[in-house]
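Opening the notebook on this one.

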Amino acid sequence: MLQIKHLNVNFGEKQVLKDINLNINKAEVVALIGPSGSGKSTLLRCLNFLVNPTSGEISIDNITVDAKKATKKDIFKLRQKTAMIFQNYNLFKNMTAIENIMEPMITVQKISKNKAESIATDLLKKVGLLNNKDSYPSEMSGGQQQRVGIARAMAVNSDVILFDEPTSSLDPELVGDVLEVIKNLAMEGQKTMLIVTHEMKFAKDIADKIIFLENGIISFEGTSYEVFQECKNQRVSNFVNKMT
Ligand code: ADP
Ligand code: MG
(Lines give C-alpha, C1' and ligand atoms only; values in the text may rest on other atoms or scores of the structure.)
(Ligands and ions follow the chains in the order given, each with its own letter.)
Protein backbone atom coordinates (compact mmCIF):
# COMPACT_ATOMS: atom_id res chain seq x y z
CA MET A 1 0.00 0.00 0.00
CA LEU A 2 2.68 2.44 1.03
CA GLN A 3 6.31 1.93 0.26
CA ILE A 4 9.38 4.02 0.89
CA LYS A 5 12.63 3.09 -0.80
CA HIS A 6 16.07 4.52 -0.10
CA LEU A 7 14.71 7.84 1.08
CA ASN A 8 17.28 10.52 1.87
CA VAL A 9 16.68 14.07 2.96
CA ASN A 10 19.34 16.71 3.32
CA PHE A 11 18.84 20.19 4.67
CA GLY A 12 21.99 21.93 3.51
CA GLU A 13 24.91 19.99 4.91
CA LYS A 14 22.79 18.09 7.33
CA GLN A 15 21.39 14.70 6.43
CA VAL A 16 18.12 14.42 8.29
CA LEU A 17 16.85 11.12 6.87
CA LYS A 18 19.28 8.38 5.92
CA ASP A 19 18.28 5.61 3.57
CA ILE A 20 14.81 5.02 4.98
CA ASN A 21 13.04 1.89 3.74
CA LEU A 22 9.55 1.09 4.85
CA ASN A 23 6.54 -0.97 3.82
CA ILE A 24 3.10 -0.40 5.21
CA ASN A 25 0.07 -2.54 4.43
CA LYS A 26 -3.39 -1.32 3.63
CA ALA A 27 -5.37 -0.28 6.73
CA GLU A 28 -2.33 -0.73 8.95
CA VAL A 29 -1.94 1.69 11.86
CA VAL A 30 1.67 2.71 12.35
CA ALA A 31 3.04 4.78 15.21
CA LEU A 32 6.20 6.73 14.56
CA ILE A 33 8.10 7.44 17.75
CA GLY A 34 11.52 8.74 18.67
CA PRO A 35 13.36 11.67 20.20
CA SER A 36 12.67 15.21 19.14
CA GLY A 37 14.70 16.17 16.06
CA SER A 38 15.03 12.57 14.88
CA GLY A 39 13.23 13.27 11.60
CA LYS A 40 9.67 12.08 12.29
CA SER A 41 7.91 15.14 10.85
CA THR A 42 10.26 15.23 7.90
CA LEU A 43 9.49 11.60 7.11
CA LEU A 44 5.75 12.25 7.26
CA ARG A 45 6.09 15.35 5.13
CA CYS A 46 8.02 13.50 2.45
CA LEU A 47 5.00 11.31 1.87
CA ASN A 48 3.07 14.20 0.36
CA PHE A 49 6.10 16.15 -0.79
CA LEU A 50 5.62 18.98 1.67
CA VAL A 51 9.31 18.22 2.00
CA ASN A 52 11.12 17.33 -1.20
CA PRO A 53 13.34 14.33 -0.57
CA THR A 54 16.89 14.55 -1.84
CA SER A 55 16.57 11.08 -3.29
CA GLY A 56 14.46 7.97 -3.00
CA GLU A 57 11.14 6.64 -4.07
CA ILE A 58 7.67 6.86 -2.57
CA SER A 59 4.75 4.68 -3.62
CA ILE A 60 1.22 4.94 -2.39
CA ASP A 61 -1.24 2.55 -3.89
CA ASN A 62 -0.64 2.65 -7.64
CA ILE A 63 1.34 5.92 -7.69
CA THR A 64 5.12 5.82 -7.56
CA VAL A 65 7.20 8.96 -7.41
CA ASP A 66 10.96 9.11 -7.71
CA ALA A 67 12.18 12.18 -5.83
CA LYS A 68 14.75 13.04 -8.48
CA LYS A 69 12.23 12.96 -11.31
CA ALA A 70 9.06 14.13 -9.56
CA THR A 71 6.78 16.23 -11.72
CA LYS A 72 4.04 18.52 -10.43
CA LYS A 73 1.49 16.08 -11.75
CA ASP A 74 3.05 13.14 -9.85
CA ILE A 75 3.07 15.16 -6.66
CA PHE A 76 -0.54 16.19 -7.15
CA LYS A 77 -1.58 12.57 -7.60
CA LEU A 78 0.35 11.50 -4.52
CA ARG A 79 -1.22 14.28 -2.46
CA GLN A 80 -4.68 13.09 -3.37
CA LYS A 81 -3.86 9.80 -1.69
CA THR A 82 -3.08 11.39 1.66
CA ALA A 83 -4.61 13.72 4.22
CA MET A 84 -2.55 15.30 6.95
CA ILE A 85 -3.43 16.40 10.45
CA PHE A 86 -1.08 18.94 11.95
CA GLN A 87 -0.18 19.86 15.48
CA ASN A 88 -1.82 23.27 15.18
CA TYR A 89 -5.11 22.24 13.54
CA ASN A 90 -4.72 24.58 10.53
CA LEU A 91 -8.45 25.27 10.21
CA PHE A 92 -9.70 28.13 8.06
CA LYS A 93 -10.35 30.86 10.63
CA ASN A 94 -13.11 32.54 8.66
CA MET A 95 -15.15 29.36 8.23
CA THR A 96 -17.41 27.49 10.63
CA ALA A 97 -16.73 23.89 11.66
CA ILE A 98 -19.01 22.47 9.00
CA GLU A 99 -17.69 24.81 6.31
CA ASN A 100 -14.15 23.73 7.14
CA ILE A 101 -15.09 20.11 6.53
CA MET A 102 -17.08 20.86 3.39
CA GLU A 103 -14.44 23.05 1.76
CA PRO A 104 -12.05 20.38 0.40
CA MET A 105 -14.94 18.16 -0.67
CA ILE A 106 -16.35 20.98 -2.78
CA THR A 107 -13.10 22.42 -4.15
CA VAL A 108 -10.94 19.32 -4.51
CA GLN A 109 -13.40 16.51 -5.00
CA LYS A 110 -16.08 18.55 -6.77
CA ILE A 111 -18.86 17.10 -4.63
CA SER A 112 -22.14 19.05 -4.67
CA LYS A 113 -22.79 21.40 -1.78
CA ASN A 114 -25.78 19.41 -0.53
CA LYS A 115 -23.93 16.13 -0.58
CA ALA A 116 -20.88 17.72 1.11
CA GLU A 117 -23.11 19.15 3.82
CA SER A 118 -24.66 15.77 4.51
CA ILE A 119 -21.27 14.01 4.67
CA ALA A 120 -19.87 16.79 6.89
CA THR A 121 -22.85 16.50 9.24
CA ASP A 122 -22.30 12.77 9.63
CA LEU A 123 -18.61 13.35 10.32
CA LEU A 124 -19.35 16.02 12.92
CA LYS A 125 -21.59 13.50 14.65
CA LYS A 126 -18.80 10.96 14.54
CA VAL A 127 -16.30 13.27 16.24
CA GLY A 128 -18.95 14.38 18.75
CA LEU A 129 -19.27 17.97 17.57
CA LEU A 130 -22.65 18.28 15.95
CA ASN A 131 -23.52 21.04 18.42
CA ASN A 132 -20.54 23.04 17.19
CA LYS A 133 -21.40 22.80 13.53
CA ASP A 134 -21.75 26.57 13.19
CA SER A 135 -18.90 27.51 15.53
CA TYR A 136 -15.84 29.33 14.24
CA PRO A 137 -12.40 28.04 15.23
CA SER A 138 -11.97 30.92 17.69
CA GLU A 139 -15.12 29.72 19.48
CA MET A 140 -13.83 26.18 19.98
CA SER A 141 -11.24 24.63 22.27
CA GLY A 142 -8.02 23.25 20.81
CA GLY A 143 -9.36 19.74 21.22
CA GLN A 144 -12.57 20.59 19.38
CA GLN A 145 -10.63 22.27 16.59
CA GLN A 146 -8.43 19.23 16.23
CA ARG A 147 -11.48 16.98 16.00
CA VAL A 148 -12.82 19.20 13.22
CA GLY A 149 -9.41 18.82 11.55
CA ILE A 150 -9.72 15.05 11.78
CA ALA A 151 -13.25 15.14 10.37
CA ARG A 152 -11.94 17.27 7.50
CA ALA A 153 -9.20 14.73 6.80
CA MET A 154 -11.76 11.93 6.86
CA ALA A 155 -13.98 13.82 4.42
CA VAL A 156 -11.48 13.82 1.59
CA ASN A 157 -11.48 10.26 0.49
CA SER A 158 -7.78 9.62 0.88
CA ASP A 159 -6.41 6.18 1.60
CA VAL A 160 -3.74 7.33 4.01
CA ILE A 161 -4.06 9.68 6.97
CA LEU A 162 -0.91 11.24 8.38
CA PHE A 163 -1.00 12.61 11.92
CA ASP A 164 1.88 14.78 13.12
CA GLU A 165 1.67 14.93 16.91
CA PRO A 166 -2.07 15.57 16.83
CA THR A 167 -2.37 16.15 20.57
CA SER A 168 0.90 17.76 21.52
CA SER A 169 -0.37 21.33 21.59
CA LEU A 170 -3.50 20.50 23.58
CA ASP A 171 -4.13 21.06 27.26
CA PRO A 172 -3.86 17.69 29.01
CA GLU A 173 -7.60 17.49 29.76
CA LEU A 174 -8.42 17.79 26.05
CA VAL A 175 -6.07 15.09 24.82
CA GLY A 176 -8.32 12.14 25.68
CA ASP A 177 -11.22 13.15 23.42
CA VAL A 178 -8.95 13.59 20.41
CA LEU A 179 -7.17 10.27 20.99
CA GLU A 180 -10.57 8.63 21.32
CA VAL A 181 -11.62 9.94 17.91
CA ILE A 182 -8.39 8.69 16.33
CA LYS A 183 -8.82 5.33 18.06
CA ASN A 184 -12.33 4.94 16.69
CA LEU A 185 -11.08 5.77 13.25
CA ALA A 186 -8.32 3.18 13.58
CA MET A 187 -10.80 0.56 14.75
CA GLU A 188 -12.98 1.07 11.70
CA GLY A 189 -10.05 -0.44 9.83
CA GLN A 190 -10.63 1.48 6.59
CA LYS A 191 -7.69 3.85 6.50
CA THR A 192 -3.97 3.39 6.54
CA MET A 193 -2.72 5.61 9.33
CA LEU A 194 0.70 6.94 10.21
CA ILE A 195 0.85 8.70 13.54
CA VAL A 196 3.76 10.61 15.04
CA THR A 197 3.10 10.65 18.74
CA HIS A 198 4.63 10.93 22.17
CA GLU A 199 1.56 9.31 23.74
CA MET A 200 3.02 5.90 24.47
CA LYS A 201 -0.06 4.28 25.93
CA PHE A 202 -2.04 5.36 22.89
CA ALA A 203 0.63 3.99 20.54
CA LYS A 204 0.67 0.74 22.46
CA ASP A 205 -3.11 0.42 22.25
CA ILE A 206 -3.71 1.21 18.62
CA ALA A 207 -0.59 0.57 16.57
CA ASP A 208 -0.16 -2.56 14.50
CA LYS A 209 3.41 -1.53 13.97
CA ILE A 210 5.73 0.83 15.82
CA ILE A 211 8.70 2.49 14.23
CA PHE A 212 11.49 4.04 16.25
CA LEU A 213 13.38 6.77 14.49
CA GLU A 214 16.66 8.10 15.80
CA ASN A 215 19.09 10.43 14.04
CA GLY A 216 17.33 9.95 10.73
CA ILE A 217 17.49 6.18 10.84
CA ILE A 218 14.82 3.58 11.58
CA SER A 219 16.64 1.88 14.39
CA PHE A 220 13.81 -0.40 15.43
CA GLU A 221 10.57 -1.65 13.98
CA GLY A 222 8.17 -4.02 15.67
CA THR A 223 4.72 -4.81 16.94
CA SER A 224 3.28 -3.18 20.01
CA TYR A 225 4.19 -6.32 21.93
CA GLU A 226 7.78 -6.27 20.69
CA VAL A 227 8.21 -2.67 21.73
CA PHE A 228 6.31 -2.50 25.00
CA GLN A 229 6.29 -6.01 26.42
CA GLU A 230 9.38 -7.76 25.30
CA CYS A 231 11.74 -5.20 23.86
CA LYS A 232 15.09 -6.55 22.77
CA ASN A 233 16.45 -3.09 22.07
CA GLN A 234 17.63 -1.33 25.22
CA ARG A 235 17.54 2.13 23.68
CA VAL A 236 13.91 1.78 22.57
CA SER A 237 12.95 0.20 25.85
CA ASN A 238 14.46 3.12 27.80
CA PHE A 239 12.72 5.62 25.54
CA VAL A 240 9.23 4.17 25.84
CA ASN A 241 9.56 3.63 29.57
CA LYS A 242 10.71 7.17 30.13
CA MET A 243 7.74 8.49 28.18
CA THR A 244 5.09 6.50 30.04
P1 ADP B 1 11.05 15.52 14.67
O2 ADP B 1 9.72 15.70 14.02
O3 ADP B 1 11.43 14.09 14.90
O4 ADP B 1 11.18 16.32 15.91
P5 ADP B 1 12.04 16.94 12.34
O6 ADP B 1 11.72 16.07 11.19
O7 ADP B 1 11.15 18.11 12.57
O8 ADP B 1 12.17 16.06 13.67
O9 ADP B 1 13.49 17.49 12.19
C10 ADP B 1 14.64 16.68 11.96
C11 ADP B 1 15.86 17.55 11.83
O12 ADP B 1 15.77 18.33 10.65
C13 ADP B 1 16.05 18.55 12.95
O14 ADP B 1 17.42 18.64 13.22
C15 ADP B 1 15.51 19.83 12.38
O16 ADP B 1 16.15 20.93 12.97
C17 ADP B 1 15.88 19.70 10.93
N18 ADP B 1 14.94 20.39 10.02
C19 ADP B 1 13.62 20.14 9.93
N20 ADP B 1 13.04 20.91 8.98
C21 ADP B 1 14.04 21.69 8.47
C22 ADP B 1 14.11 22.69 7.45
N23 ADP B 1 13.03 23.06 6.75
N24 ADP B 1 15.31 23.26 7.20
C25 ADP B 1 16.41 22.89 7.89
N26 ADP B 1 16.43 21.94 8.85
C27 ADP B 1 15.26 21.34 9.15
MG1 MG C 1 8.02 16.79 14.58
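Before anything else, handedness: I call a crossing left-handed if the near helix is turned anticlockwise from the far one by less than a right angle, and right-handed if clockwise. My helices (H or I, at least four residues) and strands (E, at least two) are DSSP runs, numbered from the N terminus.

Housekeeping next. This is a predicted model, where local features need pLDDT of at least 70 and side-chain atom pairs count only at pLDDT 80 or more, while totals for chains, interfaces and linings use all residues. Residues are numbered from 1 along each chain as its sequence is written, and chains are lettered from A and ligands numbered from 1 in the order in which they are written.

**α5 and α6.** I looked up helix α5 (residues 142-155) against helix α6 (residues 172-188): the crossing is right-handed. Their axes are 8 Å apart at an angle of about 15 degrees (axes are lines fitted to C-alpha atoms, for helices over the stretch in contact, and angles run from 0 to 180 degrees between N-to-C directions). α5 is therefore roughly parallel to α6 (under 35 degrees; over 145 is roughly antiparallel, 65 to 115 roughly perpendicular, the rest oblique). Contact means C-beta atoms, placed from the backbone, within 7 Å. On the α5 side I noted Gly142, Gly143, Gln146, Arg147, Ile150 and Met154, which meet Leu174, Asp177, Val178, Val181, Ile182 and Leu185 of α6. I get seven nonpolar, three polar and two charged residues there (Ala, Val, Leu, Ile, Met, Phe, Trp, Tyr, Cys and Pro are nonpolar, Asp, Glu, Lys and Arg charged, the others, Gly among them, polar).

**α3 and α5.** This pair also has axes 8 Å apart, at about 25 degrees, so α3 and α5 are roughly parallel too. The crossing is right-handed. Ala97, Asn100, Ile101, Pro104 and Met105 of α3 meet Val148, Ala151, Arg152 and Ala155 of α5.

**α3 and α4.** Here the axes of α3 (residues 97-107) and α4 (residues 113-126) come within 9 Å and cross at roughly 130 degrees, so the two are oblique. I scored the contact as 11 nonpolar, one polar and two charged residues.

**Ligand 1.** Which residues surround ligand 1? I listed Phe11, Val16, Ser36, Gly37, Ser38, Gly39, Lys40, Ser41 and Thr42 (near means a C-beta atom, placed from the backbone, within 6 Å). Helix α1 (residues 40-46) gives the largest share of that shell, three residues. By class, I get two nonpolar, six polar and one charged.

Conventions
Contact = placed C-beta atoms within 7 Å.
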